[in-house]
Amino acid sequence: MDLYSWLKAGHVFAWAVWMAMLLIVPVAAGAVVGHSQGTTVLVTLRRLYSRVGTPAMLSALALGLGLAQLTGSFSATWLQAKLVLVLALAGLHGAIAGTLRRIADTPSEARPQHLSRLSIASGLALLLIIIFAVVKPIQ
Amino acid sequence: MNPLARLRLLGLIEGVTLFTLVCVAVPLKRLAGVSEATAIMGPVHGISFVAYAVTLVEVIAAGQLRGGDAWRAALACLLPFGTFLNDRRLRAMLAGER
């Protein structure tokens with residue numbers, strides 16, 4: 001099997017893990033805020049997010065850059081648009097990580113709706129990224 | 001690792017990769033025709049830049065950096081070698097946390 005296929009398989013796997021963390025952890029964290037065992041669960045979710053989600057994000061980015069370099073598609077408009085959205089998604093990842101830390105440290109100041117908003121924004125960015133990557137509406 | 005300490009480490013990595021890209025890889029490409037150096041260092045610097053930016057957002061969202069310090073850390077990664085200049089401030093903040 002060629003290098004391209006291995007890079008693509010790794011990219012899709014890392015992407016899937018990253019998206020799972022980005023979409024599930026904030027919702028789960030928002031659901032346990034205020035519960036008696038909430039703080040313990042929040043700390044576990046925060047650790048899961050930073051130990052699995054962040055490496056998955058960096059792997060997805062690195063493998064994606066490798067794929068783009070291998071295929072020489074950096075000049076394609078759809079890829080440039082996708083890259084802008086990926087950077088926005090990376091920013092949302094950081095915002096969720098920081099919010100999880102703040103909620104775990106000071107549960108009394110927790111605003112679960114803020115996490116839900118970040119998760120919805122991540123879902124919308126994901127939808128647009130998939131459209132740019134698969135449909136390629138602009139070449 | 002404390003996100004602020006991680007931001008400091010990533011800032012130094014970002015600065016070192018930029019230095020290597022600009023002062024080693026680009027001259028190698030322009031003067032000796034070795035394009036592999038930029039092909040490797042370009043993405044490495046790109047990833048370290050994104051890692052710094054994501055950690056910066058995390059630190060701001062966690063409330064560890066506010067106001068002028070946040071702007072200063074954001075500007076640092078946009079200016080050449082700015083993260084080296086901002087390192088002293090982050091080191092002082094970490095020392096204050098201990």
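## Helix α4 of chain B

Helix α4 of chain B covers residues 82-97, 16 residues in total. It reaches 23 Å from its first C-alpha to its last, close to the 22 Å expected at 1.5 Å a residue. Here a helix is a DSSP run of H or I with at least four residues, numbered from the N terminus. The expected span is 1.5 Å times one less than the number of residues.

α4(B) bends by about 30 degrees at B:Arg88. The bend is the angle between axes fitted to the seven residues ending there and the seven starting there.

## Buried residues of α4(B)

B:Gly82, B:Thr83, B:Asn86, B:Asp87, B:Leu90, B:Met93 and B:Leu94 are buried. Buried means under 20% relative accessible area (1.4 Å probe, protein chains only). Their cover includes α1 (3-32), α2 (36-61) and α3 (67-76) of chain B.

## Confidence

This is a predicted model, where local features need pLDDT of at least 70 and side-chain atom pairs count only at pLDDT 80 or more, while totals for chains, interfaces and linings use all residues. Residues are numbered from 1 along each chain as written, chains are lettered from A and ligands numbered from 1 in the order written, and side-chain values use heavy atoms, without hydrogens and water.

pLDDT is the predictor's confidence in each residue, from 0 to 100. Chain B averages 90, and 99% of its residues reach 70 or more. The model scores ipTM 0.81 and pTM 0.87.

## A loop in chain A

A:Ser73 sits in the loop between α2 (38-71) and α3 (77-105) of chain A. A:Ser73 is buried, at 17% relative accessible area. Leaving out residues up to four places away in sequence, A:Ser73 touches A:Ala68 and A:Leu79, with heavy atoms within 4.5 Å.

Methods
Helices (H or I, at least four residues) and strands (E, at least two) are DSSP runs, numbered from the N terminus. Buried means under 20% relative accessible area, exposed over 50%, partly exposed in between (1.4 Å probe, protein chains only).
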